[in-house]
There are 4 protein chains.
Amino acid sequence: MELKVSRKSKPEKTIVKVSNIEIGSGKPVIIAGPCAVEGEEEYLKEALFLKEAGVQILRGGAFKPRTSPYTFAGLGEEGLKILARAREITGMPVVTEVLDPRDVEIVAQYADILQIGSRNMQNFTLLKEVGLINKPVLLKRGLAATLKEWLLAAEYIVAAGNEQVILCERGIRTFEDYTRNTFDLAGMVAALDLTHLPVIADPSHATGRRELVGRVALGALAAGADGIMVEVHPEPVKALSDGQQSLDYNEFQNLMTMVKRFISQSA
Amino acid sequence: MELKVSRKSKPEKTIVKVSNIEIGSGKPVIIAGPCAVEGEEEYLKEALFLKEAGVQILRGGAFKPRTSPYTFAGLGEEGLKILARAREITGMPVVTEVLDPRDVEIVAQYADILQIGSRNMQNFTLLKEVGLINKPVLLKRGLAATLKEWLLAAEYIVAAGNEQVILCERGIRTFEDYTRNTFDLAGMVAALDLTHLPVIADPSHATGRRELVGRVALGALAAGADGIMVEVHPEPVKALSDGQQSLDYNEFQNLMTMVKRFISQSA
Amino acid sequence: MELKVSRKSKPEKTIVKVSNIEIGSGKPVIIAGPCAVEGEEEYLKEALFLKEAGVQILRGGAFKPRTSPYTFAGLGEEGLKILARAREITGMPVVTEVLDPRDVEIVAQYADILQIGSRNMQNFTLLKEVGLINKPVLLKRGLAATLKEWLLAAEYIVAAGNEQVILCERGIRTFEDYTRNTFDLAGMVAALDLTHLPVIADPSHATGRRELVGRVALGALAAGADGIMVEVHPEPVKALSDGQQSLDYNEFQNLMTMVKRFISQSA
Amino acid sequence: MELKVSRKSKPEKTIVKVSNIEIGSGKPVIIAGPCAVEGEEEYLKEALFLKEAGVQILRGGAFKPRTSPYTFAGLGEEGLKILARAREITGMPVVTEVLDPRDVEIVAQYADILQIGSRNMQNFTLLKEVGLINKPVLLKRGLAATLKEWLLAAEYIVAAGNEQVILCERGIRTFEDYTRNTFDLAGMVAALDLTHLPVIADPSHATGRRELVGRVALGALAAGADGIMVEVHPEPVKALSDGQQSLDYNEFQNLMTMVKRFISQSA
């Protein structure tokens, strides 16, 4: 049996729509924001900066999966409210992670796109739960997931009734530890062929190193990514999480200059 | 700060007790059963066979995490009832997996030990939930988890208040695909040093190949494992899941002969 | 002590010159050819096609490392002579692999660039031997080599006296087997920062799948590669080695169209 | 075509004989010594200690493959002479690594067993060269080699005419970096089934950590290894290479006590 997510079942590309933005339309989308929502004032300021810079979708974590139980795990519902406020002010849709099937309803109330993180790519009860809502889901590849397993995880969501799934390649775990993960460019390209769903790249988690983010993002776009998701923080050294891989405003503006140039040339 | 699970916080070994069985006492425990509970009659028959063979704890999946949404995912609560019935008849405690934080309560009603599977090792909301119950938890290592991440996952459970955690090495994902996973013997030995919690081995998932299970089990015990967990099925070729790695009764009896010999010699 | 290959020892980029071609100058170079030299007539025909298509350097194996002792291992010196003839006719320099320290002299007589393959990246006696000649060396990354080990392998060559080293990222071995290897885009970008030596990409070996080669090549160039090396064969299904990853003429012309567009836009 | 090294070509186990020692006979052999031969007096002293401890074969590197060109690479021929002197005094055969096809002849003059190291497992010209001599070859598994590639590397030696090949599992490279490599116990067990050649374990390189060596060695023996090879140094902290994984005399005597107990119980 062919999977519903397979190109063989549906050759034409799926375009996921969020307010007036189309993901998978051929023109790459830019998603950006801090790793976590750390406070209202800071988040709204950053949201305005990102809008100005040309970003289309805001990201920010309210529920953060953390390797240690003793580190900052997000602001929870308060974070969701800040995200909703940022959307109100900027008009930009927001994407945020959901960790627990019991939180799907509340997260869906505030967010425009629900993210399933790498560690939960095979959290099948969570996948089924987001399969029941009527909002797009951003499904990150598990850090040791094969392409097939990734597509099958997406299939859980689609089989449950939600066809608005965006895949996100964010690096896999290998022996190489100079980078946080190994960005699998060819796997991303293969996914673009194997499924009709949009596939974007997260060069921030893939590399874990600020100085590599921009060039990896450009590489992903040149290879056909439907978009990129980038971590940006006004003062990366003060970030409560993922500071090493977050771009500061200046770095991000430089990246946007390159991205816009790329997009205009490919048009 | 030292973790609560660290030997540095608590040098003496933790012994997890389940009815009259001690895990971590120096004498290895044997856990066995089919991958999934497939039906009452079959399960009870197998349970009696395993008791006779010298097994101390029964395993069997009622909620099964499956890579594809279209494969057998266990009998659910019906499976839990069969497990409880097997315990009643044999007097042996049972271990079974829980996938969803909303199911922790019901699984804890039926089972003696709750298993957190590899794919959920960093399902932090699930970890916190099993940290709130008063039953032992068997925490499998994630298939791409470092030792440190595995210990931090255990820390989530202990930090939430449940100190009865058993770790289970079940193979990691590497480039080698002759075996289903790569059994990390040295990682298991290191874990025995790093934490005071009991550490057991699952040679069935680690190898994925029936003919290797016995020797890997013996290797794990000789290296110091606090126990082994083995998949057994009366007719592996008919198993609804994991048939290739399940021992048939004859193979399992041969393994038990070796294991008993090993245990008596080490005594 | 800083390595000689490090940017910290020598901040300015090294440009490796081969006849009138500069590698590392900012304008990417294109290396192409069949996996192995299979016969004179075919090779010369292909060389003329590649010249016409805009390729700058020819590749072709005369000594082939093969996993099995029973498969075609190249034409040896006869293959070298064909390469030399192709250079004569087309005016294009040629790169070919050397496997044995005893063959370095003869390969250097015929070839313009000597390639050290992945399997020999830590064949230290071979590295020292090519460090003694006065021809450029193309050093492929080992399939399980960290960036640091790769740079240290280059250091062997430079320390022996030969500073004309070109690094080539060709994919690393990971759990993902949909692709032959995992192309490490971020590792390639990091290498471009860490060393002053030119760094190119080999999307053919990295992916092992013809349909992915072109997009991975474009991704590598957009991320800053100093060049690409691509396998091309007039009839890939008939190739004696690596047919699945070789582009046919039509596919290669399409790639060159994209590459030329990219180069003209970045100029 | 079945490989010559396959059990299918030759079901009965190959026993490799070195002086009066049999490798593959069912009784495990113990190989030990320092990583590198560092000086005559020290080496002879250690050799006498190891003989006394019950070791059967001495190891010691004269030509050392080193990741960096700037570290101690062994004493070369002088090291070979020391090895020969140790054999003369103790009556024990010696195993040492050969790196270069041009050195095979001289190493074979001094050593009883020639070792091919992990980095050279696919150095095909070297494999062919040791296939031409009439001395046993110890072939270590490459750090990213599949079982199939390892067997095919052995096939190169056997196909060239030398059937006296001993395989050695020494850990593979994975994402786990707590240990130097990941000892592949199940892979070793599988190799024992797939080939008739003897298969031994090297717990020193596999773990890279002294405190794990003993238990991993016992695990390997319990799982069926034909022998173990262990690094021992009188003062590991002063070792010129691999000090962290070398046992001191006291640790090694403890290991030998366990090993002898294991061997007598399995007899």
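Helices (H or I, at least four residues) and strands (E, at least two) are DSSP runs, numbered from the N terminus. The model is predicted, local features need pLDDT of at least 70, side-chain atom pairs count only at pLDDT 80 or more, and totals for chains, interfaces and linings use all residues. Residues are numbered from 1 along each chain as its sequence is written, chains are lettered from A and ligands numbered from 1 in the order in which they are written, and side-chain values use heavy atoms, with hydrogens and water left out.

**Exercise 1.** Locate Thr125(B) and state whether it is buried or exposed.

*Solution.* Begin with the place of Thr125(B), which lies in helix 4 (residues 124-130) of chain B. Next take its relative accessible area of 13%, which makes Thr125(B) buried, where buried means under 20%, exposed over 50% and partly exposed in between, with a 1.4 Å probe and protein chains only.

**Exercise 2.** Find what Thr125(B) is in contact with, leaving aside neighbours within four places in sequence.

*Solution.* Contact means heavy atoms within 4.5 Å, and by this rule Thr125(B) is in contact with Leu99(A), Asp100(A), Arg102(A) and Pro101(B).

**Exercise 3.** Describe the surroundings of Ala154(A).

*Solution.* First, Ala154(A) sits in helix 5 (residues 147-159) of chain A. Then, with a relative accessible area of 0%, Ala154(A) is buried. Finally, not counting residues up to four places away in sequence, Ala154(A) touches Val5(A), Leu139(A), Val165(A), Leu167(A) and Leu197(A), while its C-alpha atom and that of Ala144(A), ten residues apart along the chain, are separated by 16 Å.
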